[in-house]
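Subject: Structure for your files

Hello,

Here is the structure you will be working with. My notes on it follow below.

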Amino acid sequence: MGSVSFKAQFGKGFIGDVPIMLAKPQTFMNASGESVGAIVSYYKIPLKQVLVVFDDLDLPFAKLRLLPKGGHGGHNGMRSIMNHLKGNRDFPRLRIGIGRPPGKMDPASFVLRTFNRQEREELDFTLQNGLEAMRILVLEGFDKSATFVNSSKHLTV
């Protein structure tokens with residue numbers, strides 16, 4: 001992740017012997033498709049080899065869900081990505097649950113707030129599972145990765 005290209009922090013590496021690219025768009029979230037679309041187009045990446053990782057208000061906090069394709073679910077970043085992929089939605093995505101805001105809290109404020117210590121610990125555990133899911137996805141395929149992700153794993157405190 002040592003360079004900036006395509007409006008993203010950008011890096012290349014390997015999982016096992018498989019070359020990978022990692023990009024973290026540096027645009028506003030609502031415009032992340034500008035970055036993703038440019039990378040996919042420039043490198044001619046098949047959509048089945050694109051994995052979009054994003055937060056999701058509709059999943060409980062620290063829950064992962066891996067899906068082979070789907071809609072944007074109201075997520076403006078995903079909407080932007082789909083628009084920049086010519087409306088195509090046939091790419092896998094790893095959703096990371098952040099839960100719903102409490103009470104009448106503004107969703108934007110909720111999404112941008114700092115996590116407390118317990119949330120950080122739980123999220124660190126979840127992100128480790130997400131990294132393992134990516135390793136399995138690259139080396140063993142979508143189905144094995146989905147089985148790993150979509151079976152419940154929780155931090156026991």
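Of the 157 residues of the protein chain, 34% count as buried, where buried means under 20% relative accessible area, exposed over 50%, and partly exposed in between (1.4 Å probe, protein chains only). This is a predicted model, in which local features need pLDDT of at least 70 and side-chain atom pairs count only at pLDDT 80 or more, while totals for chains, interfaces and linings use all residues. Residues are numbered from 1 along each chain as its sequence is written, and side-chain values use heavy atoms, with hydrogens and water left out.

Overall build

The protein chain has 5 helices and 6 strands; these are DSSP runs numbered from the N terminus, helices being H or I of at least four residues and strands E of at least two. Read from the N terminus, the order is β-β-β-α-β-β-α-β-α-α-α. The C-alpha trace spans about 45 × 30 × 30 Å along its principal axes. Among contacts between residues at least 6 apart in sequence, 63% join residues at least 24 apart; contact means heavy atoms within 4.5 Å.

An open sheet of 3 strands runs in the order S4-S6-S5, with mixed pairing; two strands pair if DSSP finds at least two bridges between them. Strands S4 (52–56) and S5 (64–67) stand at the edges with a single partner strand each, so one side of each has no neighbour in the sheet. From one strand to the next the twist averages 20°. S4 pairs with S6 (residues 93–97) in the parallel sense over 5 bridges, and Asp56 stands opposite Gly97 in S6. Helix H4 (residues 117–140) packs on this sheet and touches S4, S5 and S6, its direction making about 170° with that of S6. Axes here are lines fitted to C-alpha atoms, for helices over the stretch in contact, and angles run from 0 to 180 degrees between N-to-C directions.

Glu119 lies in helix H4 and counts as buried at 18% relative accessibility. Leaving out neighbours within four places in sequence, Glu119 contacts Phe61, Arg113 and Thr114. His75 sits in the loop between S5 and helix H2 (76–84) and is buried too, at 15%. With residues up to four places away in sequence not counted, His75 touches Met29, Phe54 and Asp55.

Aromatic rings

There are 6 aromatic pairs in the structure. Rings of Phe, Tyr and Trp (its six-membered ring) pair if their centres lie within 6.5 Å; planes under 30 degrees apart count as stacked, over 60 as edge-to-face and the rest as tilted. One of the pairs is Phe6 with Tyr42, which is tilted, at 5.3 Å centre to centre and 55° between the planes. Phe6 is in the loop between strand S1 (3–5) and strand S2 (8–15) and Tyr42 is in helix H1 (residues 32–43), so the pair ties together parts that are 36 residues apart in sequence. Phe6 is partly exposed at 26% relative accessible area, and Tyr42 is exposed at 57%. Phe6, Phe10, Tyr42 and Tyr43 form one aromatic cluster.

Regards
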